[in-house]
Amino acid sequence: MPQTLSDWLAHCERLHPVTIELGLDRVQRVRERLGLQFDVPVYTVAGTNGKGSTCAMLEAILLQGGYRTAVYGSPHLVHFEERLRLNGDVVQAEVLLPHFAAVEAARQGESLTYFEFTTLAILHCIAAQSLDVVILEVGLGGRLDAVNIIDADCAIITSIDLDHMDYLGPDREAIGREKAGIMRAGRPVIVSDPVPPRSVIDHAEALGADLLLFGRDFNYSGDRQQWGWSGRGRRYNAMAYPALRGANQLINASGVLAALDAMRPRLSVPAQAVRNGLAMVELPGRFQVVPGQPTLVLDVAHNPHASAVLAQNLDQMGYFPRTHAVLGAMADKDLPGLVGPLLPLVDVWYLCDLPTPRAATAEALRSVLQAARAARPAGSAPLPPVEVLHCSSDPHQALAAAIKGADPTDRIVVFGSFHTVGGVLQHGLPRLGAAHVG
């Protein structure tokens with residue numbers, strides 16, 4: 001029997017021949033043997049981008065309202081334990097151990113993927129706590145994701161874009177159908193994507209879910225100083241902007257406020273808790289600006305939609321003489337679409353390998369970048385001349401090279417994958433200074 005969390009994770013990796021196998025039958029059978037269920041309200045969050053931010057804002061507000069919370073999300077940046085937060089704190093490894101053992105006992109030879117086994121262990125851990133509310137982030141899709149064995153009391157669907165198309169389908173309509181699988185009949189579903197696929201609306205109507213759409217049932221307005229939100233029967237005025245930075249966070253925050261409003265009969269949250277929670281929310285790796293010189297931005301953007309938002313956010317930061325980018329990414333992503341939005345902004349690229357077989361090599365990224373630059377249509381805005389394409393064996397080494405090559409007034413952005421940002425954070429936040437000036 002495995003003794004440590006590392007032992008259990010290694011055991012989970014060996015159990016199943018493939019990393020991803022969508023479908024709920026195997027997980028459902030093990031769940032029934034575990035007797036796994038929740039007797040408190042459950043929020044389930046699906047979407048292409050914005051899930052982590054949505055969960056973090058929901059958690060921060062509920063904690064400020066005095067509720068005991070659990071949040072399950074994936075993937076992690078550095079340590080597996082980050083996948084579960086109990087009352088705002090990352091779970092301790094030893095707390096998880098008996099729950100891995102419980103899943104192993106209930107498995108009875110059933111084949112589970114790493115994600116399915118670890119999800120069941122974390123859900124079993126959550127069920128053993130004294131809580132008021134549970135927040136679950138879907139790993140992939142929705143309908144067939146292991147998280148969907150739990151019935152959501154309120155479903156939230158964030159932005160829907162093209163990602164994981166091998167598993168979820170070729171277009172937004174097909175992907176939307178998969179995300180819509182987390183809805184339950186007669187229960188609220190919040191769609192914070194401003195232009196949702198028709199498949200999401202059709203599924204909600206066919207199912208008889210209580211559908212709340214951004215722009216129809218809730219909306220926001222704002223100026224440079226503050227913003228306001230209005231929903232079906234409630235409004236918030238003159239709020240400070242959320243602590244999470246970036247262009248899309250008001251859309252995410254609007255969905256969160258709609259989700260809180262929809263559950264008000266069971267989870268009443270005072271207005272001050274909303275204001276405090278949004279002001280205090282933290283989530284590493286989401287347009288995270290690290291203090292020091294040069295300016296360092298960490299962002300887990302790993303698909304074209306997220307990359308376009310990152311480019312917009314960088315563009316609004318003000319003037320920097322040069323921008324240096326550290327990039328590592330998975331080979332199965334739309335890599336030209338990932339780098340395209342950043343091409344006009346980046347002066348120097350630092351490309352890195354990542355410690356997973358799914359990753360594109362730094363050399364492969366070099367080829368993608370060169371092809372993407374060459375393929376820009378005539379009449380496009382001129383690109384910065386790329387001085388050097390550095391290739392490194394890992395994100396930490398790539399960031400060290402970028403810091404060495406940057407002036408104090410420059411900016412460095414690290415993006416492309418959770419592995420890339422996680423690799424940079426492996427030894428804690430980088431210490432930045434201007435020691436090399438002079």
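These legends describe close-up views of a predicted model.

View 1. D193 sits in the loop that runs between β7 (188-191) and α8 (198-207). With a relative accessibility of 6%, D193 is buried, because buried means under 20% relative accessible area. The D193 side chain comes to 2.8 Å from the backbone nitrogen of I160. The side chains of D193 and R172 are joined by a polar contact of 3.0 Å. Leaving aside residues up to four places away in sequence, D193 touches I157, T158, S159, I160, R172 and F214.

**View 2. The peptide bond from S74 to P75.** This bond is cis, and its omega is near -10°. P75 belongs to the loop between β2 (69-72) and β3 (84-86).

**View 3. The peptide bond from Q293 to P294.** Here the bond is cis, with omega near -10°. The loop between β12 (288-290) and β13 (295-298) holds P294. Most residues other than glycine have a negative phi, and most peptide bonds are trans.

**View 4. A238 in strand β11.** A238 is part of strand β11, which covers residues 235-239. Phi of A238 is positive, about 50°, although A238 is not a glycine. The relative accessible area of A238 is 46%, so this residue is partly exposed.

View 5. F287 is placed in the loop between α10 (271-280) and β12. F287 is a residue other than glycine, yet its phi is positive, near 40°. F287 counts as buried because its relative accessibility is 5%.

Definitions and conventions: Residues are numbered from 1 along each chain as its sequence is written. This is a predicted model: local features need pLDDT of at least 70, side-chain atom pairs count only at pLDDT 80 or more; totals for chains, interfaces and linings use all residues. Side-chain values use heavy atoms; hydrogens and water are left out. Helices (H or I, at least four residues) and strands (E, at least two) are DSSP runs, numbered from the N terminus. Buried means under 20% relative accessible area, exposed over 50%, partly exposed in between (1.4 Å probe, protein chains only). A polar contact is a pair of N or O atoms within 3.5 Å; within protein, one must be able to donate a hydrogen and the other to accept it, and residues adjacent in sequence count only if both atoms are side-chain atoms. Contact means heavy atoms within 4.5 Å.
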